[in-house]
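Look at how the two chains meet.

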Amino acid sequence: MPSLKDYRDRIASVKSTRKITSAMKMVAASKLKKAQSQAEASQPYATAMAEMLARVAASLPADFAGPKMLVGTGADKTHLLIVVSSDRGLCGGFNGNLARRTRKEILALKEAGKDVKIICAGRKVFDILKLEFSKDIIKTYTGIGQKGRIDFSSAREITDFVLNQFEDGAFDVCTLMYNEFKNVLTQTPSAQQLIPFKMPETASDEAESKAAEAGPVAPYGFEPEESVILGQLLPRNLGVQLFRALLDSAAGEQAARMTAMDNATRNAGDMINDLSIQYNRARQAFITKELIEIISGAEAV
Amino acid sequence: MTDAAVNTFSFKLVSPEKILMDEPAMQVVVPGEEGDLGVLKGHSPFVVTVRPGVVSITKEQGGEEQKIFVAGGFADISAENCTILAEEAIAVADLNQEELEKKLTDLKEDLGMVSGEHDKKRVENALKIVKAKLSAVTGHLHV
């Protein structure tokens, strides 16, 4: 049976743990706010880019085949997965869920006889995936957003690498795996195909309905011609999509950490209550025992 | 009609990270890939690619021109709107000539040393942007 001192020490240790987790929760909350406002600030560019893509695609001649990035290489042999996770842990199932989803995806692809290549953005998912797929991981990026904010240059660095690989014909299909930020409580691991690029249907529908409302307008002019613009827009769009995923993931990480630390703080509180009850019981038992000893000693005399 | 609101259109300069500028303008000169474009209100709808160069914005009749350097991007022009998507933008007044000249020599050295098609392309791109920045500062062409 543990002594009274053991109980006291344990209670003190859980209390200090609670202090740490509640501090981490508050830090995560403030970082989340920052990450969310950054994600919001990046919206206009992404929206404008999507509108422009839809516009260019809509006015392409029907017989135009489109650049490789849009129509694909014609093969479906090698898949490149870009997995965006966090560098740090202590954020609940954030990285684990994504790694599990990615693993399922990889195994399914391999089952179908495809080759798989992996790019990890973020250390955590690399740590998990390297156990099984170390030879498939071609590159790992860490330290993204270490300074508290994510620069577009991080996204561009990865994009450049991916584009170079694509030009060299190193892969046919590129899919982005990341934690989509639904709300503070929910982040869903999701997959988005980047190459060949799938035009977002809802966006073009919206643009169409908007155009219909506005009535007939003069047709758009393009300089240089549509196909050239499209060829330049698509690589940029890749960067935008990646940047969005990085931002989503960063916000999701902080949200997940906040939730996890909130739970941890609550659990520590419960544990302190339980331990206090046990401590009081043990103390009472000790007092009773001492009393019995004194009384029986007195009786013996 | 001299009313300011009648002659202006909404001008936006957007980077991936945030909106840099969002205000009415009277005239904007966009450095298009195939030549500069002067945009006034009522311009026919147009999508152009933007080369590294200077965007000049005039907010009102006879007002001062605001010059901003953009490192390439796209412009979406319609009768009431002009939106420039730029990955990098900086006011011309904030560019430092000495720094740029140093960077230019560095990059020229780099170009001699790098091997591999991709690296070469990357350095060449950087070189193009630095040259355009220098032209923006000094006002004459650097080749």
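Chain B has a mean pLDDT of 85. In this chain, 94% of the residues reach 70 or more. The model is predicted, and its scores are ipTM 0.81 and pTM 0.84.

Now turn to the contact between the chains. Chain A brings 24 residues to it, and chain B brings 22 residues. Which elements of chain A each supply at least two residues of the side that touches chain B? There are helices and a strand to look for: α2 (43–58), α6 (152–167), β6 (221–223) and α8 (226–300). The largest share comes from α2(A), with 7 residues. What is the make-up of this side of chain A, in nonpolar, polar and charged residues? It divides into 17 nonpolar, 4 polar and 3 charged.

One of these elements, β6(A), also pairs across the contact. Its partner is strand β5 of chain B, residues 46–58. The two strands run in the parallel sense, and the pairing extends over 3 bridges. Take A:Glu223 as a place to start: its bridge partner in β5(B) is B:Val48.

Step back to chain A as a whole. The domain assignment gives it domain 1 and domain 2. Domain 1 is written in two segments, 4–24 and 262–300. Domain 2 covers 28–259. How many Å separate the centres of these domains of chain A? Taken over C-alpha atoms, the separation is 52 Å.

Methods:
Residues numbered from 1 in each chain as written. Chains lettered and ligands numbered in written order. Predicted model: local features only at pLDDT ≥ 70, side-chain atom pairs only at ≥ 80, totals over all residues. Contact = placed C-beta atoms within 7 Å. Helix = DSSP H or I, 4+ residues; strand = E, 2+ residues; numbered from the N terminus. Nonpolar A, V, L, I, M, F, W, Y, C, P; charged D, E, K, R; others polar. Pairing = 2+ DSSP bridges. Domains from an automatic or database assignment. pLDDT = per-residue confidence, 0-100.
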